[in-house]
Amino acid sequence: MGSVAKKSFQQYLIQLQQHPLRTKMITAGVLSAISDIVAQKLTGIQKLQLKRLLLKVVFGAAYLGPFGHYFHILLDKLFKGKKDTKTVAKKVVLEQLTSSPWNNMIFMLYYGLVIEARPWINVKSKIKKEYPTVQYTAWSFWPVVGWVNHQYVPLQFRVIVQSVVACFWGIFLNLKAKSALTKG
């Protein structure tokens, strides 16, 4: 069994090298699916909501994978691939002031408007109420992930690492969205 896993991982690495964007898109889509399945089960949903699951896969594959791919390339070009402490700190700060608030807002908009199909006024109200908590929580969690990612992870693996952690972050966001629905 170990050799099957090893061969699969080697094939994955080959795909990542030959087709980095496509591989990151597929990975983000699969991890979004895992995140949503876990979140659905944790929130007590008995029968898997396939439409919701598919919409989460689309979000991961069409948005999160490509965004992360190009964002990390941009950061590496801006900072010339440097990994010294001062440069990593700048990367983390830039990431936390740009992509973090943006991605959380996009997720909340997508979740409310597309996945839940709620009217704009309800989504706007929910974001106004919940976004500060989500973003504050993100700022207490993601900088550590960003630091480790920029300091120790090679560029081609950063989106993958971020996607794995985002799988758990997605569970948190789903649980947050679910609790906001039951309250509001």
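Over residues 155-175, the chain of this predicted model is 100% helix and 0% strand, and the end C-alpha atoms lie 31 Å apart. Helices (H or I, at least four residues) and strands (E, at least two) are DSSP runs, numbered from the N terminus. Residues 53-73 are likewise 100% helix and 0% strand, with 29 Å between the end C-alpha atoms. Both spans, 53-73 and 155-175, are listed as "transmembrane region" in an unreviewed UniProt entry. UniProt positions are given in the numbering used here, feature names are shortened, and annotations may be inferred rather than shown by experiment.

Residues are numbered from 1 along each chain as its sequence is written.

The pLDDT, which is the predictor's confidence in each residue from 0 to 100, averages 91 over the protein, and 95% of the residues score at least 70. Among the elements, α4 has the highest mean pLDDT (96) and α7 the lowest (78). Where pLDDT is low, the predicted coordinates should not be read in detail.

Ser163 belongs to helix α7 (residues 155-183). Ser163 counts as buried because its relative accessibility is 10%; buried means under 20% relative accessible area, exposed over 50%, and partly exposed in between (1.4 Å probe, protein chains only). Apart from neighbours within four places in sequence, Ser163 is in contact (heavy atoms within 4.5 Å) with Ala28 and Leu31.

Helix α3 (residues 50-78) contains Leu50, which is exposed because its relative accessible area is 60%. The C-alpha atoms of Leu50 and Ile37 are separated by 9.4 Å, the two residues being 13 residues apart along the chain. Val58 also lies in α3 and is partly exposed, with a relative accessible area of 40%. With neighbours within four places in sequence left aside, Val58 is in contact with Tyr63 and Tyr110. Val58 and Ile34 are 24 residues apart in sequence, and their C-alpha atoms are 13 Å apart in space.

In helix α5 (residues 99-115), the buried residues include Ser99, Pro101, Asn104, Phe107, Met108, Tyr110 and Ile115. Helix α5 packs against helix α6 (residues 120-152) at an angle of about 145°, with the axes 9 Å apart. Axes are lines fitted to C-alpha atoms, for helices over the stretch in contact, and angles run from 0 to 180 degrees between N-to-C directions. The contact involves residues of α5, among them Ser100, Met105 and Leu109, and residues of α6, among them Trp120, Glu130 and Trp139. By class, this contact has 13 nonpolar, 4 polar and 2 charged residues. Ala, Val, Leu, Ile, Met, Phe, Trp, Tyr, Cys and Pro count as nonpolar, Asp, Glu, Lys and Arg as charged, and the others, Gly among them, as polar.

Most residues other than glycine have a negative phi. Ala117, in the loop between α5 and α6, has a positive phi near 55°. Ala117 is exposed, with a relative accessible area of 59%. Lys80, in the loop between α3 and α4 (85-97), has a positive phi of about 50° although it is not a glycine. Lys80 counts as exposed, at 67% relative accessibility.

Key
This is a predicted model: local features need pLDDT of at least 70, side-chain atom pairs count only at pLDDT 80 or more; totals for chains, interfaces and linings use all residues. Side-chain values use heavy atoms; hydrogens and water are left out.
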